[in-house]
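Please look through the sequence and the structure shown below before reading on.

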Amino acid sequence: MIDIFTDGACSGNPGPGGWAAILRSGRHEKELSGAEAATTNNRMELMAAIRALGALTKPSVVTIHTDSRYVMDGATQWLKRWKANGWKTSDKKAVKNADLWRALEEASAPHEVHWRWVKGHSDHIENARADALARAAIATLGG
């Protein structure tokens, strides 16, 4: 059982952004983070989940804790429909961030992934840590 706590942040939207994930298995923890100079908050939220899943070395049962309804609803409700519709939304528009949705689907494939939404900025300890790591990642860009 692995718990993953993710968050994304953006300074401006679009603007410089950061993502972060905390991976926890028992008493073991690993922190991951990164940044991009020109991105959006939604892309950083997706990137956090993609990179966290990609860091796992063997198929696992995973619970991803996210404060992003966009990522959680996309992964649990919209992704199958988008794919079946040729990566078009119900109103026939191209799916935004389709490259990252495909990457998330690929990164999820070896695992049994469960999604749990947490309220952002509500004193959830790991969510606050992931947020701080994502914001610190933005600072590494030196803007």
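## A buried serine

In this predicted model, Ser-68 counts as buried because its relative accessible area is 7%, and the cut-off for a buried residue is under 20%. Ser-68 is found in a loop, namely the one that lies between β4 (61–66) and α2 (69–84).

Which residues does Ser-68 touch, if those up to four places away in sequence are not counted? On that basis, Ser-68 touches Glu-45 and Trp-117.

## Strands β1 and β2

Strand β1, which covers residues 2–10, pairs with β2 in the antiparallel sense, and the pairing extends over eight bridges. Within this pair, Phe-5 has Ile-22 of β2 standing opposite. The hairpin that these strands form has four residues between them, and in this hairpin Gly-12 takes a positive phi near 90 degrees.

Strand β2 itself spans residues 15–25 and is mostly covered, since eight of its 11 residues are buried. As background, the side chains in a regular strand alternate between the two faces of the sheet.

## Strands β2 and β3

Strand β2 is also joined to strand β3 (residues 28–39), and here 10 bridges link the two strands, which run antiparallel.

How values were computed: Residues are numbered from 1 along each chain as its sequence is written. This is a predicted model: local features need pLDDT of at least 70, side-chain atom pairs count only at pLDDT 80 or more; totals for chains, interfaces and linings use all residues. Side-chain values use heavy atoms; hydrogens and water are left out. Buried means under 20% relative accessible area, exposed over 50%, partly exposed in between (1.4 Å probe, protein chains only). Two strands pair if DSSP finds at least two bridges between them. Contact means heavy atoms within 4.5 Å.
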